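Have a look at the model first, then read on.

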Amino acid sequence: MSVNLSKGQAISLEKKDGATLTAVRMGLGWQAAKRRGLFGSRTREIDLDASAVLFAEKQPVDVVFFRHLVSDDGSVRHTGDNLVGGVGQGGDDEAILVDLQRVPVHVDQIVFTVNSFTGQTFQEVQNAFCRLVDETNGQELARYTLDGGGDYTAQIMAKVHRAGSGWTMTALGSPANGRTFQDLMPAILPHL
């Protein structure tokens with residue numbers, strides 16, 4: 001059963017039987033919003049990008065994004081860049097896989113971001129979401145919906161962070177502006 005997360009809400013990534021999750025997928029899906037024009041409605045292709053920034057004691061130590069698909073240690077992997085969205089028709093257009101057992105012990109947080117590489121605002125995006133899936137069985141654990149759009153080009157979506165011997169996910173849903181994860185670093189830091 002999936003939990004619909006609201007901004008700032010945290011969930012434990014522990015299974016119902018008390019076991020901890022070993023591998024998760026952060027999926028991102030979206031569609032270009034139809035725009036009404038003089039000759040009817042049309043859509044414009046939008047290139048959203050998912051990134052994962054790995055932190056150790058509030059310092060970035062690695063990043064996974066469309067130009068660096070695998071973390072240096074191999075524990076985090078991006079499935080590839082989708083330039084238009086809507087391919088999954090409600091499914092994941094981009095995904096980042098995290099092998100929680102292989103994440104180095106010094107990495108204490110992984111922050112997931114979404115940015116509009118082509119510069120459109122989220123007012124031009126519809127049905128956008130990020131979701132966390134138990135990669136071992138495909139069960140959706142949590143979903144965060146980007147509702148309402150806005151006059152910004154990025155979103156600090158969520159983070160997974162160590163909590164005792166396990167991991168917790170927090171939905172952040174914080175709007176920002178930037179075309180790449182580098183542009184978002186000042187907006188990420190307050191969430192660590």
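Let's start with strand 12 (residues 139-145), which is mostly covered, with five of its seven residues buried. Buried here means under 20% relative accessible area, exposed means over 50%, and partly exposed is in between (1.4 Å probe, protein chains only). Helices (H or I, at least four residues) and strands (E, at least two) are DSSP runs, numbered from the N terminus.

Strand 12 runs antiparallel to strand 11, and six bridges join them; two strands count as paired if DSSP finds at least two bridges between them. Phe129 has Thr145 in strand 12 as its bridge partner. Four residues sit between the strands of this hairpin, where Gly138 takes a positive phi near 80 degrees.

## What sort of model this is

This is a predicted model: local features need pLDDT of at least 70 and side-chain atom pairs count only at pLDDT 80 or more, while totals for chains, interfaces and linings use all residues. Residues are numbered from 1 along each chain as its sequence is written, and side-chain values use heavy atoms, with hydrogens and water left out.

pLDDT is the predictor's confidence in each residue, from 0 to 100. The protein chain averages 81, with 76% of its residues at 70 or more.

## The chain as a whole

The protein chain has 14 strands and one helix. Of its 192 residues, 54% are buried. Take the contacts (heavy atoms within 4.5 Å) between residues at least 6 apart in sequence: 68% of them join residues at least 24 apart.

## Strands 6 and 7

Strand 6 (residues 48-56) pairs with strand 7 in the antiparallel sense, over five bridges.

Ser51 lies in strand 6 and counts as buried, at 2% relative accessibility. Leaving aside neighbours within four places in sequence, Ser51 has contacts that include Val64, Phe65, Ile96, Phe112 and Phe181.

## The helix

Which residues of helix 1 (residues 181-188) are buried? They are Phe181, Leu184, Met185 and Ile188. Seen down the axis of helix 1, these buried residues fall within an arc of 135 degrees, so they line one face of the helix; the arc is that of the directions from the helix axis to the C-beta atoms. Their cover includes strand 6, strand 7, strand 10 (109-116), strand 13 (154-163) and strand 14 (166-176).

## The aromatic rings

Rings of Phe, Tyr and Trp (its six-membered ring) pair if their centres lie within 6.5 Å; planes under 30 degrees apart count as stacked, over 60 as edge-to-face and the rest as tilted. By this rule the count comes to three aromatic pairs. In one of them, the rings of Phe65 and Phe66 have centres 5.4 Å apart and planes at 75 degrees, so the pair is edge-to-face.

Phe66 also pairs edge-to-face with Phe117, at 5.4 Å centre to centre and 75 degrees between the planes. This pair links distant parts of the chain, 51 residues apart: Phe66 is in the loop between strand 7 and strand 8 (76-78), and Phe117 in the loop between strand 10 and strand 11 (125-134). Phe65, Phe66, Phe117 and Phe181 form one aromatic cluster.
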